[in-house]
Amino acid sequence: MTDTPTYGFDTLQIHAGARPDPATGARNTPIYQSTAYVFRDADHAAALFNLQEVGYIYSRLTNPTVAVLQERIATLEGGAGAVCCSSGHAAQIMALFPIMSPGKNVVVSNRLYGGTITQFSQTIKRFGWEAKFVDMDDLDAVKAAIDDNTRAVFGEAIANPGGYIMDVRAIADIADAAGLPLIIDNTTATPYLCRPIEHGATLVVHSTTKYLTGNGSVTGGCVVDSGKFDWTASDKFPSLSEPEQAYHGLKFAETFGPLAYTFHGIAIGLRDLGMTMNPQAAHYTLMGIETLSLRMDRHVENATKIAKWLEADDRIEYVTYAGLESSPYFERIKDVCPRGASSLFTFAVKGGYDACIKLVDALEIFSHVANLGDARSLIIHSASTTHRQLTAEQQEAAGAGPGVVRVSIGLEDADDLIADLDQALSKAVS
Ligand SMILES: *Cc1c(COP(=O)(O)O)cnc(C)c1O
């Protein structure tokens, strides 16, 4: 089938990018477990290496199973193209790589996945890149943080560890006025709940490890390009606008138009950084995405029920789920993610750090793991695990203080999850 926007989300999540296998008729997308692909002849090989013809050379760059997943995610996000990577963290480096260089900075939200805060505040410095952390609800602070060396703005639509919803349109307008791309990490929302490109984002990154795969089986990442940003409008993005030595002076923006960023991601990013997704992982994620809308609806329904129950319980201090009327973001979700606030949130337990540790140990259905977006319900005490590397101020700013636990509500019976929380809370809070 052709992927036209006239099809609904449920149809596209099953069909976009996939066709019956031309060689065998296989209806499901085969796992093309091959490193290399035979050239028709020497001219064909030369054309492929010169980027004059699109095709398969070597699986560090492109693989037919991974290509289906790339087209599927690009379609669901309303983007022009996508590049899949070995993990969400790989996707973040791949997203920044074409637009950053030593001495340049990215303005980022201070409410992010703990690993991303570490990646941005520590590791990217080794490349000579800098991240400037700001509160994205303070629009003046975002504007003030942007300087001549800024090359992108970055935030999460629904921020990990949960409860915060970014006003994507307002931030996109600021980035736009400064001639910069806005990169949205849409991992927690997924394109079913939020479509950042429709709110003005240039690029969308995913940890496909989470809700997109949906069952905690493989790691993966993806960078989606809207195809709408003009990389030639300023001299800020020479990798895309200027001649590329490695391809005989080819200019990506001029040659590939709306696919320039995606082609750069494959022809330079995957070629030289090698953060490639393998076809097995793509297969599991393709299977997961087929049921994305059904799962997300249930995740939201369960999370809403459980958040309401927790909020009414006197052993709980507060609950941060944006789907609760008490949330400061309850109005914003109607615009940014109208189908719900996903199933990731935090709650503070009376009794602080010690009570959180006891709670995590006493739960029976919830698993104590460093993951989210699984069919299984998961819990973690962020301050002693995922956010352990951060300073106390960073933990508080990220919503991961010592008295707070983070849950990722799964697809089990909500009543069973509530009963489990009830028995564990009675052991944790005396
Ligand atoms: C997990 C996660 C990442 C990192 O993804 P990996 O696949 O673990 O590398 C990035 N952002 C968010 C919001 C995440 O939840």
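The structure is a predicted model. The domain assignment divides the chain into domain 1, covering residues 7-288, and domain 2, covering residues 292-428, and the centres of the two, taken over C-alpha atoms, are separated by 29 Å. To the contact between them, domain 1 gives 39 residues and domain 2 gives 42 residues.

**Where the domains meet**

Between them, domain 1 and domain 2 bury about 3300 Å², of which 57% lies on carbon and sulfur atoms. On the side of domain 1, the residues that lose the most area to domain 2 are Pro161, Tyr192 and Tyr211, which together account for 25% of what that side buries. The polar part of the meeting is described by 17 residue pairs in polar contact, both residues at pLDDT 80 or more, and the elements of domain 1 that give two or more residues to the side touching domain 2 are helix 1 (9-15), helix 5 (114-121), strand 6 (164-165) and helix 8 (190-193). Sorted by class, that side of domain 1 has 17 nonpolar, 17 polar and five charged residues.

**Salt bridges**

The whole structure holds 14 salt bridges, and the count between domain 1 and domain 2 is one. Among the salt bridges are the following pairs.

| Pair | N to O distance |
|---|---|
| Arg332 and Asp137 | 2.9 Å |
| Lys143 and Asp140 | 4.0 Å |
| Lys334 and Glu331 | 3.0 Å |

Lys143 and Asp140 are three residues apart in helix 6, so about one helical turn separates them; Lys143 is partly exposed at 48%, whereas Asp140 is exposed at 55%. Lys334 and Glu331 are likewise three residues apart, in helix 14, and therefore separated by about one helical turn. Asp313, Arg315 and Asp422 are linked in a network of salt bridges.

**The surroundings of Asn63**

Asn63 lies in the loop between helix 2 (42-49) and helix 3 (64-77), and this residue is buried, with a relative accessible area of 3%. The side chain of Asn63 makes polar contacts with the side chain of Tyr37 at 3.1 Å and with that of Ser59 at 3.3 Å. Beyond neighbours within four places in sequence, Asn63 is in contact with Tyr32, Ser34, Tyr37, Tyr56 and Pro279.

Notes:
Residues are numbered from 1 along each chain as its sequence is written. This is a predicted model: local features need pLDDT of at least 70, side-chain atom pairs count only at pLDDT 80 or more; totals for chains, interfaces and linings use all residues. Side-chain values use heavy atoms; hydrogens and water are left out. Domain bounds come from an automatic or database domain assignment. Contact means heavy atoms within 4.5 Å. Buried area is the accessible area (1.4 Å probe) that two parts lose on being put together, summed over both. A salt bridge is a side-chain nitrogen of Lys or Arg within 4 Å of a carboxyl oxygen of Asp or Glu. A polar contact is a pair of N or O atoms within 3.5 Å; within protein, one must be able to donate a hydrogen and the other to accept it, and residues adjacent in sequence count only if both atoms are side-chain atoms. Helices (H or I, at least four residues) and strands (E, at least two) are DSSP runs, numbered from the N terminus. Ala, Val, Leu, Ile, Met, Phe, Trp, Tyr, Cys and Pro count as nonpolar, Asp, Glu, Lys and Arg as charged, and the others, Gly among them, as polar. Buried means under 20% relative accessible area, exposed over 50%, partly exposed in between (1.4 Å probe, protein chains only).
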